[in-house]
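Subject: Structure handover

Hello,

Here is the structure for your set. Please look it over first; my notes follow below it.

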Amino acid sequence: MKTIFEKSNDVEGICLTDELEDVSFLRSSLLRKEKCGLPQMGELEVLRHYKELSDRNFCIEKGFYPLGSCTMKYNPKVNEFLASLEGHTNLHPLLDDEYAQGALELMYNLQEALKKITGMDAVTLQPAAGAHGELTGMMIIKKYFESIGDNRKKVIIPDSAHGTNPASAHMCGFDIVPVKSDSRGQVDVEDLKRLIDKDVAAIMMTNPNTLGLFEENVLEISKLMHDNGSLLYYDGANFNAIMGYTNPKLMGFDVVHLNLHKTFATPHGGGGPGAGPVGVVERLKEYLPTPVIAYDGEKYYRNYNLKHTIGAVKSFYGNFGVLVRAYAYILMMGNNLKEATENAVLNANYLKEKLKKYYELPFDEPCMHEFVLSGDRQKQYGVSTLNIAKRLMDGNTHPPTVYFPLIVHEAIMIEPTESETKQKLDEFVDTMIKIAKEVETDPDVVLSAPHTTPVKRVDETLAARHPDLKFPI
């Protein structure tokens with residue numbers, strides 16, 4: 001495919017001085033002396049060019065996304081329509097509360113819905129993404145201990161945790177203490193007991209964890225932490241696996257963040273936009289960032305009057321368009337939210353049982369919404385997990401998360417979500433089995449993949465470290 005520069009008959013462009021008769025009001029250092037080198041094309045030609053580019057992108061409407069830990073589930077188009085309504089898109093965030101009652105009511109209702117779903121006592125919608133929610137939660141925990149005169153320094157984090165967990169805690173000044181996983185892939189309670197002391201502020205956990213396994217000892221862990229005066233932080237990245245069946249409050253957690261794209265079908269990718277609401281128990285509600293949305297029985301308003309607030313964590317109030325989509329999804333699903341969990345867990349277990357004969361399954365346990373295979377068996381033939389991922393691209397499938405969690409060698413994390421049909425799951429199984437057989441009979445076809453994509457095999461490390469962003473004129 002040609003670049004837009006190559007398609008243009010003229011890439012000289014114009015100079016500002018060509019268009020303006022008098023430019024004396026501008027400093028001479030601001031004036032371009034040469035042609036700017038922009039392509040010269042008509043509107044129709046430009047539209048065709050970008051349509052051609054978009055057709056080369058992979059998207060969920062085009063194929064399967066078994067992207068473990070990221071939950072690339074389908075985003076219903078009705079939610080996109082609702083978020084695009086004029087009343088939502090044209091509302092200025094600095095309007096007085098009396099002129100924004102509809103938006104404030106929507107956010108208040110979303111807060112209340114998330115409180116019910118998580119079991120928490122108060123919620124903020126401000127954080128702009130999951131990791132931002134983590135940071136907000138850890139800031140709350142930090143300030144809570146400071147306010148009670150208990151300057152704790154440590155946060156315990158499982159060795160299978162998302163990488164953002166230790167980063168978020170460390171950014172708040174905490175020392176990170178890893179806790180090991182046991183032989184079943186869960187937090188090793190005996191190792192945890194050894195680590196607990198009066199300097200431990202919190203433990204950060206994902207449940208189910210990043211192996212897709214439910215932490216069966218979570219109530220024991222909760223008691224151990226609370227008896228020590230410590231708090232429990234719930235990473236809601238895998239909340240799609242428990243919604244409607246249990247919640248962080250019942251497990252004993254004090255702070256939780258949710259990734260709205262993972263559980264409530266908002267768009268995700270390309271760096272945003274996102275939303276990572278944070279919920280807290282009663283004793284931490286005064287520490288939330290301000291403002292929170294409140295209702296006095298007559299009107300909705302932004303409440304800035306929280307005694308121990310950590311202050312605002314996002315300009316204006318957050319990514320409102322994402323909140324609209326999540327609220328629409330919750331309203332559309334209603335009491336059937338539980339079915340999303342049921343189907344996500346069913347789909348993951350179906351794939352796990354179909355594939356464990358062909359790939360190593362380090363933890364052969366009933367999984368939740370995702371599971372982790374290992375490519376160690378294929379590695380014996382000189383084919384790595386990365387090679388398998390690239391070969392999947394030839395099967396109209398987006399590669400899953402690979403090499404994570406780090407405690408599984410040659411990890412392949414698979415999450416089908418609830419959006420996919422059995423037919424699509426079977427197609428994925430057939431593709432994975434085909435690749436496993438190719439590794440043994442014709443490894444070169446896997447090692448040289450992908451073969452059918454617009455761009456063939458690339459060096460991701462080189463592309464990330466030395467991006468070439470300029471077309472040579």
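Two strands count as paired if DSSP finds at least two bridges between them. By that rule β10 and β12 (residues 411-414) are a pair, antiparallel and joined by four bridges. One of the residue contacts in this pairing involves Ser374, whose bridge partner in β12 is Ala411. Please keep in mind that this is a predicted model.

The sheet

The two strands belong to an open sheet of three strands, ordered β10-β12-β11 and paired in the antiparallel sense. As background, the strands of a sheet pair through backbone hydrogen bonds, in either a parallel or an antiparallel way.

The largest pocket

β11 (401-402) also turns up in the lining of the largest pocket, where β11, α3 (43-56) and α16 (385-392) each supply at least two residues. The largest share, three residues, is from α16. In total 21 residues line this pocket, and those nearest its centre are Phe58, Met393, His398, Pro399 and Thr453. Sorted by class, the lining holds nine nonpolar, seven polar and five charged residues. The space in the largest pocket is about 490 Å³.

Helix α7

How far does α7 reach from its first C-alpha to its last? The helix covers residues 130-147, 18 residues, and reaches 26 Å, close to the 26 Å expected at 1.5 Å a residue. Buried here means under 20% relative accessible area. Just after α7 comes Gly149, with a positive phi of about 70°.

The whole chain

The protein chain has 19 helices and twelve strands. Its radius of gyration is 25 Å, close to the 23 Å from the globule rule for 473 residues, so the chain is as compact as a globular protein of that length. The C-alpha trace spans about 75 × 70 × 40 Å along its principal axes. Of the 473 residues, 50% are buried.

Regards

Note on methods
Residues are numbered from 1 along each chain as its sequence is written. This is a predicted model: local features need pLDDT of at least 70, side-chain atom pairs count only at pLDDT 80 or more; totals for chains, interfaces and linings use all residues. Side-chain values use heavy atoms; hydrogens and water are left out. On a 1 Å grid over the protein atoms alone, a cavity is a set of points where a 1.4 Å probe fits but cannot get out, and a pocket is an open set with protein on both sides within 12 Å along at least five of seven lines; lining residues have an atom within 4 Å of a point. Grid points are joined across faces, edges and corners, and a volume is the space filled by probe spheres set on the points. Ala, Val, Leu, Ile, Met, Phe, Trp, Tyr, Cys and Pro count as nonpolar, Asp, Glu, Lys and Arg as charged, and the others, Gly among them, as polar. The expected span of a helix is 1.5 Å times one less than its number of residues. The radius of gyration is taken over C-alpha atoms; the globule rule is 2.2 Å times the number of residues to the power 0.38. Buried means under 20% relative accessible area, exposed over 50%, partly exposed in between (1.4 Å probe, protein chains only).
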